[in-house]
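Please examine the sequence and the structure shown here before reading the explanation.

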Amino acid sequence: MAKIEIYTWQSCPFCIRAKVLLQKKGVNYIEHAIDGDQAARSAMTERAGGRTTLPQIFINEQGIGGCDELHALEQNKQLDTLLGLVN
């Protein structure tokens, strides 16, 4: 099973949408809620190669981007493989 991390704000609709897709997939993920925490946001931005938008999603330490990228992977039938749900 893949290690999944997601940086979020609690009220961000894109963050919620991304988490719903991960929940539908039945995978566990580590959520970093960084509301108002500038140090955490700076660390996320550095880890994400300069991207500042939320959510930022990492699968097995690889930054895949945000909600749109996550849903694009699902639409292109690549997400299950990344999540370790298929061989």
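Predicted model: local features only at pLDDT ≥ 70, side-chain atom pairs only at ≥ 80, totals over all residues.

Residues are numbered from 1 along each chain as its sequence is written, and side-chain values use heavy atoms, leaving out hydrogens and water.

Helices (H or I, at least four residues) and strands (E, at least two) are DSSP runs numbered from the N terminus; two strands pair if DSSP finds at least two bridges between them. Strands of a sheet pair through backbone hydrogen bonds, either parallel or antiparallel. Here, four strands form an open sheet in the order S2-S1-S3-S4, and the pairing is mixed. Strand S2 (30-33) and strand S4 (62-65) are the edge strands, each pairing on one side only.

Strand S3 (residues 56-59) pairs with S4 in the antiparallel sense over three bridges. Within these strands, Ile59 stands opposite Gln62 of S4. The loop between S3 and S4 contains Glu61. Phi of Glu61 is near 70°, a positive value in a residue other than glycine. Glu61 is partly exposed, with a relative accessible area of 48% (buried means under 20%, exposed over 50%, partly exposed in between, with a 1.4 Å probe and protein chains only).

A cis peptide bond, with omega of about 0°, joins Leu54 and Pro55.
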